[in-house]
Amino acid sequence: MSKQQGWDEFEIGAMLRSFDGKIDECPAFTPQRDRNYSQNSSHVASVADWRLIKPVYNKDYCIDCQFCWVYCPDVSIISRDKKMIGIDMDHCKGCGVCVEVCPTNPKSLLMFPEQADEETEIASWPTKDEKEE
Amino acid sequence: MAFDKLELNEIEVWDGNHAAAQALRQAQVDVVSAYPITPSTAVVEGYAKFKADNLVEGEVVMVESEHAAMSGCIGAAAAGGRVATATASQGLALMAETLYQASGMRLPIVLNLVNRALAAPLNVNCDHSDMYMVRDSGWIQFDAFNAQEAYDLNLIAFKVGEDHDVRLPVVVNQDGFLTSHTAQGLHPLSDDDAYNFVGEYKPMNDMLDFEHPVSHGIQTEEDWHFEHKARQHADTMNIVPAKIDEAFAEFERISGRKYNHIEKYDMDDAEVCVVCMGTSVETAREVAKEMREKGIKAGVIGIRVFRPFPFADISEALKDLKAVAVLDRSAPGGAAGALFNEIAGSLINTDTKVLLSGYIYGLGGRDLTKKHLVDLYTELQANADAGKLLTQQQQFIGVRGPKLAFL
Amino acid sequence: MSEIKKIKNLKEFSTSADRFEGAHLLCPGCAHSIIVREVLNATNDDLVLAASTGCLEVCTAVYPYTSWDASWIHIGFENGSTAVSGAEAMYKALKTKGRLKQPDRNPKFVAFGGDGSSYDIGFQWISGCMERNHNMMYIVLDNEVYANTGGQRSSSTPIGASATTTPAGSVSYGEKRNKKDMVAIMASHNIPYSAQVAPNKWKDMVKKIQHGMNVEGAVFINAVSPCTTEWKFDPKDTMHLADLSTDSLVFPLYEIIDGHELNITYRPKNIVPVEEYLAAQGRFKHLFKDEYKYLIKEWQTRVDANWAYLQRREEARV
């Protein structure tokens, strides 16, 4: 929502709509990618500028346990058909919870500075031996 | 199980509370969320008995406080249906927070406010401090002068408030005990006529419409709040008065009873006039008639629509008069009376020469007697003859002790 | 009664289509949204939701954005419960009258509130809703502090915690009273179901939420919500703190059926000393000074006693 509307330009009441138009079924049955979000859904907004550090996902070690999906506070782990496929970088705030709950060794998610290059970091991913414990 | 209708007599003997309860029954309210408080309790009791006797189908939610009563009304109204409640005085004070929320969320709810003094000292009798306390809460406010009007205005309140161009909650005021507990002969509408007048509830942004999810009661900070409040005021000033006119006109067609934003009595050639609200209007009319016999050209204006305030009607009706008394039934707390201020606001910037004086009266149920009004009209005539105020601008009447006058 | 969503394991759970959206404004690592996601994803039914004023509300519905994909309402600080009870009453009324727009739907009515709006200012409203036994669920996101306004104590703030209105200082160890037992209080309304849950035990959470959504009547849930900002720990450690809270038994997980029958639903294999739970949080830092160490012992004694009490109640089956 870039435009700051005047008093006569929005719907009455202290209300917002989640979707444009009618939705035919309960959204619980419609994956997010298939929904017709309104411009007033925070889904269309970004909090990427909150991030100082970012998670990088290395699919080579991922066992699709979905811990990162269930414990992500920002609905930013994208899972499809029980597989982890990536991170929604518009909504991720870089809290690092996903990395902490990742059970693999080495972890399949690690935090890096926001400016880090993903391909470079994956290329130099720690191995099991480098991990403590 | 279908509910039963009532066969009403052409004339029913009801008090104001029962009249309001009957109107809620006929409007087929979907949810009444309420808490009892004197003197409005009988509205709630009456409606609950209708439910117990299968005369209403809607839900009756008896909550644990007035704040919860209006909170429940807001949740129910946002869910999408017809909603009503009743309260008075301290109850209104407790629910005050939620009144602003209801109007800001543009949810039509009908609140029967049975006017009663605010403590301290604790008092169960009539004055208008509760009505005044929420005068800026964004609700439409009607004022009934008797039980018949309390009944009629309830039906009108649903029709106006639920209009999709309005979507505002409505208070129907009536005087505690003086109206609420005084039985009179009423001409009710039949159940069918009353319901047909109010009409079927047409939902808007309803939470129970799962095909259009909405978030109600969102937050707006400095970049959006002003626009929302401005819209609400603009709609109240620009749209609501005409919608009230429409509802009044339609109600007159089916009932023969005509309502106006201000109710004028003998005003055509009046030189002096009393402006007041509630049951005092009827007393003033009786006295005005008697004053006419004494050669004083006396009139009365009763405020029917307190919000949105009928500024233009007032200035048109009063600008050519010689002297006008504005009666406020509420302790002014270091200011002129609220109604006095509104009337003054209606007249300022016109070329009127009318002399305006304010009277504080009837606090905590103190009677306004005919003698008070005779004296008042006499005082007005003296002001008119002198061409100036012979008294101070604000006087207390009906209070014991040395004369109190200010301003 | 609607069909209960089948969630056998986490992989199956992860096929849920979230109805809570990102780019909300909650702090990085906030447990509130983890709990909300677990609750919403526990069902495929339509939802009518409410939030009382607090972190969740101010961070998910600030104009011009809403993070909710279901019907949602906020009125004030104290009345989210009653807002939902009103909506539930309207649902009943319109069902009776045959005026529901989608009569085949089976909506669930759920109100969220923080401990400030639940233990304190909205206490009476919740009690009213529970006593009237509306077909609704009330969920406390219990972070034991007024976090939205910067960390003032609530009646959920535990003894020894430093809050801005009960700060630790040279002559004070912070909050002087222990939190009240909301689950027991609400269970005493003889509601069909009440429970304590934690976001780290997602399966226990889902099971309880599903049970609660499918009983007839009012349900009360207290969810521990570790607060990175006010408990003072690194945002990445939210789930670690949740683990410590359940495994130290500071937040034991249990349910109470019909106001009396208590079942413990999680027994940690390795019970963590309370000291570890306290040590992980900045709000308890001062308790590790010599003069206040006795309070840590008292903490352990209190937690042990509560655990023994819960076990006795469970065994007694009364």
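Helix H1 of chain B, residues 16-26, is largely enclosed by the rest of the structure, because 11 of its 11 residues are buried. Buried here means that 20 or more other C-beta atoms lie within 10 Å of a residue's own, while 12 or fewer makes it exposed and anything in between partly exposed, with C-beta atoms placed from the backbone. Among the buried residues of H1(B) are His18(B), Leu24(B) and Arg25(B). After H1(B) comes Gln28(B), with a positive phi near 55°. Helices (H or I, at least four residues) and strands (E, at least two) are DSSP runs, numbered from the N terminus.

A word on what you're looking at: this is a predicted model, where local features need pLDDT of at least 70 and side-chain atom pairs count only at pLDDT 80 or more, while totals for chains, interfaces and linings use all residues. Residues are numbered from 1 along each chain as its sequence is written, and chains are lettered from A and ligands numbered from 1 in the order in which they are written. The predictor gives the complex an ipTM of 0.97 and a pTM of 0.97.

Now for the sheet. Ten strands form an open sheet with mixed pairing, in the order E1(A)-E9(B)-E4(C)-E1(C)-E5(C)-E6(C)-E10(C)-E9(C)-E11(C)-E12(C). Two strands pair if DSSP finds at least two bridges between them. Strand E1 (15-17) of chain A and strand E12 (261-264) of chain C stand at the edges with a single partner strand each, so one side of each has no neighbour in the sheet. On average, neighbouring strands are turned by 15° against each other, direction ignored. (Axes are lines fitted to C-alpha atoms, for helices over the stretch in contact, and angles run from 0 to 180 degrees between N-to-C directions.)

Follow the sheet from chain B into chain C: E9(B), residues 214-216, runs parallel to E4(C) and is joined to it by two bridges. Ser215(B) has Trp72(C) as its bridge partner there. Further along, E11(C), residues 254-257, and E12(C) are antiparallel, with four bridges. One pair of bridge partners is Glu255(C) and Asn263(C).

Chains B and C also touch: the contact takes 40 residues from chain C and 39 residues from chain B. Residues are in contact if their C-beta atoms, placed from the backbone, lie within 7 Å. On the chain C side, H4(C) gives the most, with 14 residues.

Notes. Contact = placed C-beta atoms within 7 Å.
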